[in-house]
Amino acid sequence: MLREEFGEKVYKLSLDGGFTCPTRDGTKGTRGCIFCAGGSGDFSIPAGKNVWEAIETAKSLVADKGARKYIAYFQSYTGTYATLDKLRNLYTQAIRHPDVAVLSVATRPDCLKDSVISLLQELNREKPVWIELGLQTIHEETAAYFRRGYPLPVFDQAVKNLQDAGITVIVHMILGLPGETPEMMRETAAYIGRSGAQGIKFQLLHVLKGTDLAIDYASGKFQTLSLEEYIGALELCLESIPPEMVVHRLTGDGAKRDLIAPLWSADKKTVLNTISRAFERDGVIQGKNWTVTRNEER
Ligand code: SF4
């Protein structure tokens, strides 16, 4: 997709804008989402003061990839959770860097005020702006367990507002959340498919050291997925989304030093090879069941 749109490889630079989250600063909670070890931006470069400097540092870390264009990705914590002035300053610096082709911001649907969307809309006229929304599941009982802090209609409204503003939306979902069956995961993927979002990111539930999830895991409250179970759920999800939806990720890997389970996820190369062999074996085609799932009622 990136090659088609930009004519060459485009590489993602992970930046940390110095944000926090409403589920961490006391607004909606203080302990964050149950699985979160720190904003899922472990490899992000601090960009609070000088964004161009941070971009140059991040570029130097991927110099061997041979890319000339980049996605400036504010990955850590909630990337729209700050004053409008701060956001304008950070985003404008990032988008005006000559090597940046896309501004991408990871955030929560409940942190997208009209003024923020107007800012994103304005920037989207300079270069493409992507917003990545952490939904993770459509099932309220799971969302309550992991302390997401907003109900599903807030996600629906955020996607609508972003789409009305012409901004590309990518939705994150997690496979393997405690208590969820493969069918429940498929329902989430199908819902995201129907939401109008252009992209989806699949992530595996990791149990990381220092999280409250690790306590529940240690006490035997749930088990993590095996690689085969993960692939089975992923296949169901892929077949239930639109054929044209851009899949930005098929799995994810957390910081190895903090990983408690599942340990197989630490070997990314083997995981990706196993996934692609399984897709061939099972004849997986993205969107194969889309004609059915697009008419499903929740
Ligand atoms: S998962 Fe996202 S919203 Fe939840 S605590 Fe971590 S950074 Fe904040």
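Okay, let's start with a definition: helices (H or I, at least four residues) and strands (E, at least two) are DSSP runs, numbered from the N terminus. With that in hand, the protein chain has eleven helices and ten strands.

Two bits of housekeeping. This is a predicted model, where local features need pLDDT of at least 70, side-chain atom pairs count only at pLDDT 80 or more, and totals for chains, interfaces and linings use all residues. Residues are numbered from 1 along each chain as its sequence is written.

So, the overall picture. For 298 residues, a compact globule would come out near 19 Å, and the protein chain has 19 Å, so the two agree.

Next, burial. A residue is buried if 20 or more other C-beta atoms lie within 10 Å of its own, exposed if 12 or fewer, and partly exposed in between, with C-beta atoms placed from the backbone. By that count, 43% of the 298 residues are buried. For contacts, the rule is that two residues' C-beta atoms, placed from the backbone, lie within 7 Å. Take the contacts between residues at least 6 apart in sequence: 86% of them join residues at least 24 apart.

Let's go to helix H2, residues 51–61. Which residues of H2 are buried? They're Val51, Ala54, Ile55 and Ala58. They sit on the same side of H2, because they cover an arc of only 100° around the axis; the arc is that of the directions from the helix axis to the C-beta atoms. And what do those buried residues pack against? Strand E1 (10–16), strand E2 (45–46), strand E3 (69–74), helix H3 (84–96) and strand E4 (100–107).

Now a pair of helices. H7 (residues 182–195) and H9 (residues 227–239) pack at about 35°, with their axes 8 Å apart. Those axes are lines fitted to C-alpha atoms, for helices over the stretch in contact, and angles run from 0 to 180 degrees between N-to-C directions. The crossing of H7 past H9 is right-handed. That's the clockwise case: a crossing is left-handed if the near helix is turned anticlockwise from the far one by less than a right angle, and right-handed if clockwise. H7 brings Pro182, Met185, Arg186 and Ala189 to the contact, while H9 brings Gly232, Ala233, Leu236 and Cys237. By class that's six nonpolar, one polar and one charged residues. Here Ala, Val, Leu, Ile, Met, Phe, Trp, Tyr, Cys and Pro count as nonpolar, Asp, Glu, Lys and Arg as charged, and the others, Gly among them, as polar.

Let's zoom in on helix H3, where you'll find Leu84. Is Leu84 buried or partly exposed? It has 13 other C-beta atoms within 10 Å, so Leu84 is partly exposed. Setting aside residues up to four places away in sequence, Leu84 touches Ser115, Val116 and Leu119. Ile95 also lies in H3. Ile95 counts as partly exposed too, because it has 19 C-beta neighbours inside 10 Å. With the residues up to four places away left out, Ile95 touches Val100, Leu103, Leu123, Glu126 and Lys127.

Over in helix H4 (residues 114–124) there's Leu120. Leu120 has 23 other C-beta atoms within 10 Å, so it's buried. Beyond its neighbours within four places in sequence, Leu120 is in contact with Val129, Ile131, Ala165 and Ile167.

Most residues other than glycine have a negative phi, and most peptide bonds are trans. Now look at Tyr77, in the loop between E3 and H3: its phi is positive, near 55°. Tyr77 is buried, because it has 26 C-beta neighbours inside 10 Å. Gln136, in strand E5 (residues 129–136), has a positive phi as well, about 75°. With 22 C-beta neighbours inside 10 Å, Gln136 is therefore buried.

And which residues does a cis peptide bond join? Ala261 and Pro262, with omega about -10°. Pro262 is in the loop between strand E10 (259–261) and helix H10 (268–282). That's my tour, thanks!

Conventions
Rg over C-alpha atoms; globule rule 2.2 N^0.38 Å.
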